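Load the model in your viewer and keep the selection panel open.

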Amino acid sequence: MKPIRQAVIWGTPTAVVLLTVLSVVGAFLGDQQARQLFSSPPLIVFWFLLTGLLVAGFAGFRTLLRRPGLLAMHLGSLLILGGSMWASDEGHAFAREWLGFDKIPSSVMLIHQGETTDNLADSETDQSIGKLPFALKLNKFWIEYYAQGDRPWSLEVGTRRHPQGMGRQTLAWTPGAELTLPDTGIRVTVLQYLPIAKPVMDADGNVVGAEAAVGEGRPAMQVRMRTEGKDRDAWLVPEKEQDVVELPLSVPRQTAEAMRTGTFVMAQSLLLGRPTPPVLAYKSDLSVLKNGEEVVRKTIVVNDPLHFGGYHFYQASYDERANQYTVLLVKSDNGLTAVYAGFVLAVAGGFWWFWVVPVWQGLSGRSGHGA
Amino acid sequence: MELRLTTLGILIMAAEGAYVLACALLASRLRKAGHVFFALGFVATVAAFVFRWVQVDHLPMQNLFEASLSMGMMMYPITLLSRRYLKVGGEAVDALIAAILVFLPAFVRKFSPEPQVLPPALQSPLFAPHVGAYLLAYGIMFKAGAQAVGALWDFDWLLGGEGLLKSEPATHRMVGLGFPLLTLGLVLGAWWGKLAWGDYWQWDPKELWSLVSWLIFLFYLHVRNRWGPRHRVFLSSLVLAGFTAILITYFWANLSALFKGMHSYAM
């Protein structure tokens, strides 16, 4: 028993220090490289050694078995490590090779509204990598937004209106402050912003300005643009049903050559537009079908996946242009019970050992392990 | 640096003033007056916390502005609990910690008071317990760090007192108080990661720094448990290393472009 105790006494601090140093290195590497580092063959050996140390701890130190708090913390850690190893890609490969459990650890599903599919695809190549033993139907995908309130419209610079705002840059404007537009050197000052305005027309019916109004309506903004020492004042006045109004800037015509050589100037217009409200939720209404029959139906959102048939289905992405399809991340649930049991034991053991036991010992007049 | 003359800004600045005064009075052994100002600072931070909650319509622990305010609010209850039940002193240093924490949302431009809505990833029942457990653990570990400084350089006149523990056992008690909360924060984060992103662990820099903090305190507890308090300097240095790792997790990992990751919304 003594060699085991010695191994645990010196092996545990060594393993903890090693894991600490590697975690610091991983933090500087970034998540992608850190993931590779911690899944590399030497680290796989390390995870097994750490697991072995925990098991040896039970064999070498009977105290761990006699004290419920210590037992729970160490058993919890063991379950978390074991469950995570079982849930890893390598754990799945082992289960497939030696135990005949054929589950795909991680994949994606792209489903159009109204479509039913059981196809699992690789998240990077989009190639089919397997089938589910059941099918999923996307009944509906939609996005909910926070209420807009009376936020001022946003002033942007860009080439054209786009549903997702690509190629545009929002300007942080305040009345009177001068801004420099990217690429062009044009300086813009917001002279006034009218939250509710009505257009002022000339004799020909052209909009030449705006004045404050009451009730409901669109806003208006007066800007001053300065190029090479010359000032030009202009109004941005959206019409009744318009959610954006565009004011062309005096920039040279952009050519395909400019596009090719990367000298294309994006700042071709000033745009005053209704700001896109922040997203409240992405929702996919899903049905699980077995032999054509619906067995489960659930609307999933971020933080609330669908769990069925040994897989979790997460809301991962969507059709950014027309909301016509959803993309689900599909994860095998191997090791889930062990990891969750480990979480409960590790936390409960910690509170028991560090909080409950000292209080109990204090109440019963014995000196605690705390000090 | 900027002066924030809004209702919220004034409440936070009032808390800041009260905490600074409390620190000065407690360090000058004017305990009663010091406690009055410490309590007034606490009341001001609670008022600011509630005001912010109403303003943003969610628990105000989303970004560094709100988290620092919340931690500044937690220091006074931690002080009272530590003195009364754990026999750990150091109120003057606790008031200083609270003053430093509240200074950030009071004056520092990087800690923006701009209200933010909760993005879909943060709309979870685990948001409050995960962040709350971490902030409380950090407040406790800051106090443990102060006691560790006392154990290294004999500041018992400032950190101890009659009927109170000396700095080394006081450090151990504070770490024992904070460690389960640190574990809870870590585990709830892993659970949340599984529900939101499909994986318990993303190897993102903030996660790794939080693991580093946890591992250092785990190492400290193993060493202290195995060899007792006789390696005082080594043990206290470990606690200070854990304290530094928490500072990196909380500030550097959030503010530096070096550590871009999935927790960037915490800015």
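How many positive and negative side chains does chain A have, and how far apart do the centres of the two sets lie? There are 33 positive and 34 negative ones, with centres 10 Å apart. Lys and Arg count as positive, Asp and Glu as negative; His and the chain ends are not counted. Each charge is placed at NZ of Lys, CZ of Arg, CG of Asp or CD of Glu.

This is a predicted model: local features need pLDDT of at least 70, side-chain atom pairs count only at pLDDT 80 or more, and totals for chains, interfaces and linings use all residues. Residues are numbered from 1 along each chain as written, chains are lettered from A and ligands numbered from 1 in written order, and side-chain values use heavy atoms, without hydrogens or water.

Stay on chain A. Its C-alpha atoms fill a box of roughly 100 × 60 × 50 Å along the principal axes. Of its 371 residues, 42% are buried (under 20% relative accessible area, 1.4 Å probe, protein chains only).

Next, select residues 31-56 of chain B: helix α2, with 26 residues (helices are DSSP runs of H or I, at least four residues, numbered from the N terminus). It reaches 37 Å from first C-alpha to last. Show its buried residues, including B:F38, B:F49 and B:R52. Their cover includes α1 (7-27), α3 (64-86) and α4 of chain B. Just after α2(B), B:D57 has a positive phi of about 65°.

Finish on α4(B), residues 91-107. Of its 17 residues, 14 are buried.

Notes
Helix = DSSP H or I, 4+ residues; strand = E, 2+ residues; numbered from the N terminus. Expected span 1.5 Å × (residues − 1). Buried < 20%, exposed > 50% of the residue type's maximum accessible area, 1.4 Å probe, protein only. Contact = heavy atoms within 4.5 Å.
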